[in-house]
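Here is a short note for a colleague who has not looked at this structure before.

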Amino acid sequence: MVDSQSTPARQRPSIVSISSYLLFLFLACQVISLIITLSTIGKTRDALRDAYANSTIENADQVADVFVAVGIGSAILLVLLAVVLAVLALFNNQGRNGARITTWIIGGIMVCCTGGGLLSSAAGGLATGGNTGGDGPSAEEIQRRMEEALPSWATPVSLLLGVVSLIALVTALILLALPKANPFFRKQAAVWEPPTPGASYPGQAPGQPGYPQASGEPGYPSSGEPGYPPPPAAGRPDDTPPTDRPGSTPPSTS
């Protein structure tokens, strides 16, 4: 059966494919960051507890636990959002314009979160949140204890992952917004295609011949049934021979 209307196949632009690869790279960076956070969270908790051990400020013994909860929760949330972006990348490869718009929305939120976290880490992380008043530990004291507790590679690797994540995400969003990608995400109209000579038509049983493709007025194919004799003349029996033909008069019996 031939479909007279079909949607032409769309070729995916390379910028859309590259954008999807960058979103997958963003997911990989967030997963690695989560692994680093989980592997160093215990040492971070111990460093904070030691820093606030001799402090008399209110709820000083809960600072470390709050930081651990916030740090793990933030890392898990970033990974989940990165997974959503990776799934949207698969739909972007199929030309779904709704997925592209959703990618811009979630990606914009992730740019703010990733950029803010990167600036905080570059500025000293917890040092900016240290209590500089009263008898609480100073920002410099917290930073020093954190550097002593954490492995030497943890902070540089975390910064590197943050930079790569931010660049990959911003680049992916820009590639999806380029004019070259717009035709791929535009809804394609169905194109009518003429039927192929000799092909089956809608409602035609398999094995039946198609309509003839002849120039001019198309003829109708014969059914192959034998013809019927013409009806007899009116007022004359079928078995009575005609009398108006020579030699048709019957011989006399007298």
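1. Lys 43 is partly exposed, because its relative accessibility is 42% (buried means under 20% relative accessible area, exposed over 50%, and partly exposed in between, with a 1.4 Å probe and protein chains only). The residue is found in helix α1 (helices are DSSP runs of H or I with at least four residues, strands are runs of E with at least two, and both are numbered from the N terminus). Lys 43 and Leu 150 are 107 residues apart in sequence, yet their C-alpha atoms are 6.4 Å apart in space. With neighbours within four places in sequence left aside, Lys 43 is in contact with Ala 149, Leu 150 and Pro 151 (contact means heavy atoms within 4.5 Å).

2. This is a predicted model, in which local features need pLDDT of at least 70 and side-chain atom pairs count only at pLDDT 80 or more, while totals for chains, interfaces and linings use all residues. Residues are numbered from 1 along each chain as its sequence is written, and side-chain values use heavy atoms, with hydrogens and water left out.

3. Thr 44 is also found in helix α1. Is Thr 44 buried or exposed? Thr 44 is buried, since its relative accessible area is 4%. Leaving aside neighbours within four places in sequence, Thr 44 has contacts with Phe 67, Met 146 and Leu 150.

4. The protein chain has 6 helices and 2 strands. Read from the N terminus, the order of the elements is β-α-α-α-α-α-α-β. Of the 254 residues in the chain, 28% are buried. Among contacts with a separation of 6 or more, 78% come from residues 24 or more positions apart. The chain exposes about 16600 Å², and 61% of this is supplied by carbon and sulfur atoms (accessible areas come from the Shrake-Rupley method with a 1.4 Å probe; for residues, only the protein chains shown count as cover).

5. How many salt bridges does a search of the whole structure find? The search finds 2 (a salt bridge is a side-chain nitrogen of Lys or Arg within 4 Å of a carboxyl oxygen of Asp or Glu). As background, side chains of opposite charge can pair when their charged atoms come close.

6. One of the salt bridges joins the side chains of Asp 65 and Arg 49, at 3.0 Å from N to O. This pair links distant parts of the chain, with Asp 65 in helix α2 and Arg 49 in helix α1, 16 residues apart. Asp 65 is partly exposed, at a relative accessible area of 37%, and Arg 49 is partly exposed too, at 40%.

7. Another salt bridge is formed by the side chains of Arg 144 and Glu 148, at 2.8 Å from N to O. Both residues lie in helix α4 (residues 139-149), 4 residues apart, which is about one turn of the helix. Arg 144 is partly exposed, with a relative accessible area of 37%, whereas Glu 148 is exposed, at 57% relative accessibility.

8. Helix α2 (residues 63-92) has 30 residues and should span 44 Å at 1.5 Å a residue; its end C-alpha atoms are 43 Å apart, which agrees (the expected span is 1.5 Å times one less than the number of residues). The buried residues in α2 include Ala 64, Val 68, Ala 75, Val 79 and Asn 92.

9. Helix α5 (residues 154-177) has 24 residues, and its first and last C-alpha atoms are 35 Å apart, close to the expected 34 Å. Among the buried residues of α5 are Leu 161, Gly 162, Ser 165, Leu 169 and Leu 176.

10. The structure holds 1 aromatic pair. The ring centres of Phe 184 and Phe 185 are 5.4 Å apart and the ring planes are at 80°, so the pair is edge-to-face (rings of Phe, Tyr and Trp, the last by its six-membered ring, pair if their centres lie within 6.5 Å; planes under 30 degrees apart count as stacked, over 60 as edge-to-face and the rest as tilted). Phe 184 is buried at 6% relative accessibility, and Phe 185 is buried at 5%.
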